[in-house]
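Trainee: Could you walk me through this one? I'd like to know what stands behind each label.

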Amino acid sequence: MSDQGEQPRAPRAVGRRVDYATMPAEVRRWVEDELGGSVVGDVTQVRGMSPGPAARLLLDDGRRAFVKAVSPVPNPQTPELFRHEIAVLRRSRRSATVTAL
């Protein structure tokens with residue numbers, strides 16, 4: 001703590017995201033199958049703490065989707081954290097489409 005009463009701050013965690021377009025073809029096909037349409041545009045979200053991709057997708061029928069993915073490498077607990085996030089979203093946003101992991 002400083003003399004001025006400020007609380008110390010934890011350093012900001014920042015990951016380097018993988019671009020959606022560089023994901024393996026089988027992963028991108030799985031996303032399209034789950035969404036029921038072809039991806040015609042993607043914008044990678046560059047900020048965040050995970051090295052996995054996070055992207056806004058545009059589908060051929062005009063729908064939009066947000067996709068995040070992780071691997072247990074290098075953080076074995078991350079997939080379970082994402083599963084928890086999905087469960088929370090399912091309870092809080094009945095209109096959101098969330099695919100099971």
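Mentor: The protein has two helices and three strands, and from the N terminus on they run α-β-β-β-α. This is a predicted model, where local features need pLDDT of at least 70, side-chain atom pairs count only at pLDDT 80 or more, and totals for chains, interfaces and linings use all residues. Residues are numbered from 1 along each chain as its sequence is written, and side-chain values use heavy atoms, with hydrogens and water left out.

Trainee: Why is Val67 called buried?

Mentor: Buried means under 20% relative accessible area, with exposed over 50% and partly exposed in between (1.4 Å probe, protein chains only). Val67 comes in at 16%, so Val67 counts as buried. Of the 101 residues in the protein, 23% are buried.

Trainee: Which residues make up the largest nonpolar core?

Mentor: Nine residues: Tyr20, Val31, Leu35, Val39, Ala55, Leu57, Leu59, Ala65 and Val67. A nonpolar core is a set of buried Ala, Val, Leu, Ile, Met, Phe, Trp, Tyr and Cys residues joined through side-chain atoms within 4.5 Å. Strand β2 gives this core its largest share, three residues. As for Val67 and Val31, they are 36 residues apart along the chain, with 8.3 Å between their C-alpha atoms.

Trainee: What makes Lys68 count as lying over the face of Phe82?

Mentor: The rule wants NZ of Lys or CZ of Arg within 6 Å of the ring centre and within 35 degrees of the ring normal. Lys68 lies over the face of Phe82 at 4.5 Å from the ring centre.

Technical notes. Helices (H or I, at least four residues) and strands (E, at least two) are DSSP runs, numbered from the N terminus.
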